[in-house]
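Colleague: I have this model open and would like to go through it with you. Please take my questions one at a time.

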Amino acid sequence: MNNDDYKEALFYAASIFNERLGAEFSEDNLVLRCFQTENQQEVFEQFCKQYFPDRLEDRYTEDGYFDFHASAFIGKEDGVDGILLRTDIARHPAVLKHILLHELAHIFCIRNELDGDNFYEQYCMDDTISREEDGTINAGYAVWRELIAELIAFELDDNCDMVPLRRKKDLLSYYEGELLTGNGKMGISMILCEAMTSAEGEASMTWDAAKSKFARFKPFDDPLYRDLLELVFTHIRECFIEIDRDFIYEIGVLYLSIAAQAMIASLKNRFQEE
């Protein structure tokens, strides 16, 4: 594929958003830039200088910054939004479509989740009441933004199938293990997403109808996981992508409790083995 092919794929995905969610993506307000490992820093700098100068403050020279398939960029006020896409990885067209849907979902959410304001800039910039509170809100928003972007991508992607939770046991266990690898926020996001997009989650319109179905499977036999799932399950059905500070703070509190519980359990197992 060349750059024109990637651009065509992007605007096909954008047309799905426009049709089904009333978005207004167009070539006037959405830009794409492709990069490969060998030129990633150079392309990033050029992209940001042209469209997103504030992102030049990112720590993009550090190892691991470019460990992503694609990344969404949000323009200031009415400025253009963008996607930076890695192209030195072979992908099936269906996989590329899902990646682009996910990144477009990030842009769509940030533009609409807080009545036009940017939640991250307003609440996640280390200027709230206390350092402890900043950490909780940052953690909560990290969990939420990946969850909601993937949920939207799933719902808009006709290639995604609903699978019952009994067939997701290994996957859920893998994501739970991410709590001990430094990738816990993403792991929890994906656990919630797998539950919400399961056959049980899709078929249940209320938490009362869903609760007993989820409780039969790990990790939702754990009250903390169940409380977190109830929180996002109810919110999505009532508010969709609209969020406020209190909701994100609640996610953060539950995530940090789950992470602490996992760390304590790991330490206990280590001491028993010794």
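**Sheet, helices and loops**

Colleague: What is the bridge partner of C34 in β3?

Modeller: In β3, C34 has L85 as its bridge partner; strands and helices here are DSSP runs numbered from the N terminus (E of at least two residues for strands, H or I of at least four for helices). This is a predicted model, in which local features need pLDDT of at least 70 and side-chain atom pairs count only at pLDDT 80 or more, while totals for chains, interfaces and linings use all residues. Residues are numbered from 1 along each chain as its sequence is written, and side-chain values use heavy atoms, with hydrogens and water left out.

Colleague: How many bridges join β1 to β3?

Modeller: There are 6 bridges between β1 and β3 (residues 81–86), and the two strands run parallel.

Colleague: And in what order do the strands sit in the sheet?

Modeller: The order is β1-β3-β2, with 3 strands forming an open sheet of mixed pairing, where a pair needs at least two DSSP bridges. β1 (30–35) and β2 (70–73) are the edge strands, each pairing on one side only, and from one strand to the next the twist averages 15°.

Colleague: Which strands does α3 lie across?

Modeller: Helix α3 (residues 93–112) lies across β1, β2 and β3, at about 150° to β3, whereas α1 (residues 3–21) lies across β1 and β3, at about 140° to β1. These angles run from 0 to 180 degrees between N-to-C directions, with axes fitted to C-alpha atoms, for helices over the stretch in contact.

Colleague: Changing topic, is S189 buried or exposed?

Modeller: S189 counts as buried because its relative accessibility is 0% (buried is under 20%, exposed over 50%, partly exposed in between, with a 1.4 Å probe and protein chains only). S189 belongs to helix α7 (residues 184–196) and, leaving aside neighbours within four places in sequence, is in contact with A142, V143, E146 and L147, contact meaning heavy atoms within 4.5 Å.

Colleague: At what angle do α6 and α7 pack?

Modeller: Helix α6 (residues 169–177) packs against α7 at about 155°, their axes being 8 Å apart. That makes α6 roughly antiparallel to α7, since the term covers angles over 145 degrees. From α6, the contact uses L171, L172, Y175 and E176, and from α7, G187, M190, I191 and E194.

Colleague: Last one: which residues does the cis peptide bond join?

Modeller: The cis peptide bond joins K218 and P219, with omega about 0°, and P219 lies in the loop between α9 (207–215) and α10 (223–239).

Definitions and conventions. Parallel < 35°, antiparallel > 145°, perpendicular 65-115°, else oblique.
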